[in-house]
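User: I would like to learn how to read confidence, core and pockets in a model such as this one. Could you take me through them in turn?

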Amino acid sequence: MFYYPIGVFSMSKESKQNNTVVPAMRERLMVNRTGKMTANQWLDIVIHPIVTMLVLFIPLSVVLMPFMMRAMMRLAIILPILLLFFAAPFIVRAFKYARAPIYFEMLTASSDSSPLRAFWRSVSFHDKSKNELRFGKWLAPRPKLKKEQPYLVYYLKDPKQDIVLSIAPADHPDAGRWQ
C-alpha cells in the first residue's frame, strides 16, 4: 500500500507483476521509439568484436613475441598495419549500425523464460501471423517472460541473428507511451 498526499493508493497483484520495467529499460524504450539507439546500445554493438580479437590476439602475441622483438626496427611499418587490423572491425560495424533501421513489433513469447536459462538458449517469439522470431543477442536487460504474453519489442535485424534493443510487457500501464 502506498500513501500519497491526496489519499491511499493500493496496487493490485496484477499491477505489481506488470510494473516490472526497470528505469534503464524505460530510457531505452523512449529512445528506441524515436528510431535511434542509446549510446550504450550503440557502443555495445560496435565494440563487440574486441572480445574475439583479444581472445585470438593474446595467445598469438605470446607465440610471436620473439619475432616481434627482432622486428622492433621495422616498427614504422608494423604499427600502422596493427592499428588498421584492430580499427577495421570497429569502423565497419560503426558504419553498418549507424543507419540501421530499428524495427518495432508486438510479439508474443513462445515459452516461459528466466534470465538464467536464456543465457545459453535463444529466446523465441511469434507475431500475430504465427511467424517465429528468434533473438540470439540482447542489448536489454532480460526480463522474466511468460508464455503467450504479448510484449513490445524494439529490435535490429542482422544477417546472423536478430538483436533485442528493448522489451516491455504490452499490458504495462505506460505501454502506450512506448509504441
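User: Where in the chain is the confidence lowest, and where is it highest?

Analyst: This is a predicted model, and pLDDT is the predictor's confidence in each residue, from 0 to 100. The chain averages a pLDDT of 76, with 81% of the residues scoring at least 70. The lowest confidence falls in strand β2, residues 8-9, with a mean of 38, whereas β6 has the highest, at 89.

User: Which residues have the most contacts inside the largest nonpolar core?

Analyst: A nonpolar core is built from buried residues joined through side-chain atoms within 4.5 Å. In this model the largest such core has 31 residues, and those with the most contacts inside it are F125, F135, W138, L145, V153, L156 and I167. Two or more residues each come from α2 (23-33), β3 (103-109), β4 (123-126), β5 (132-138), β6 (150-156) and β7 (162-169), and β6 gives the most, with 6 residues.

User: What does I167 touch, leaving aside residues up to four places away in sequence?

Analyst: With those residues not counted, I167 touches M25, L29, F125, W138, P141, P143, L145, Y151, L152 and V153. Of these partners, F125, W138, L145 and V153 are also listed, like I167 itself, among the residues with the most contacts inside the core.

User: Turning to the pockets, which residues line the largest one, and how do they divide into nonpolar, polar and charged?

Analyst: For a pocket, volume and lining are best read together. The largest pocket has a volume of about 240 Å³, and its lining consists of H48, R93, K96, Y97, K137, D158, P159, K160, Q161 and I163. By class, these lining residues comprise 3 nonpolar, 2 polar and 5 charged. Helix α5, residues 75-98, gives the most to this lining, with 3 residues.

User: How do the residues lining the second largest pocket divide by class, and which element supplies the largest share?

Analyst: The second largest pocket holds about 150 Å³ of space, and its lining is formed by M53, L56, F57, L60, S61, L64, F67, M68, L82 and F85. Here the division is 9 nonpolar, 1 polar and no charged. Two or more of the lining residues come from each of α4 (49-70) and α5, and α4 supplies the largest share, 8 residues.

Terms used: Residues are numbered from 1 along each chain as its sequence is written. This is a predicted model: local features need pLDDT of at least 70, side-chain atom pairs count only at pLDDT 80 or more; totals for chains, interfaces and linings use all residues. Side-chain values use heavy atoms; hydrogens and water are left out. Buried means under 20% relative accessible area, exposed over 50%, partly exposed in between (1.4 Å probe, protein chains only). Helices (H or I, at least four residues) and strands (E, at least two) are DSSP runs, numbered from the N terminus. Contact means heavy atoms within 4.5 Å. On a 1 Å grid over the protein atoms alone, a cavity is a set of points where a 1.4 Å probe fits but cannot get out, and a pocket is an open set with protein on both sides within 12 Å along at least five of seven lines; lining residues have an atom within 4 Å of a point. Grid points are joined across faces, edges and corners, and a volume is the space filled by probe spheres set on the points. Ala, Val, Leu, Ile, Met, Phe, Trp, Tyr, Cys and Pro count as nonpolar, Asp, Glu, Lys and Arg as charged, and the others, Gly among them, as polar.
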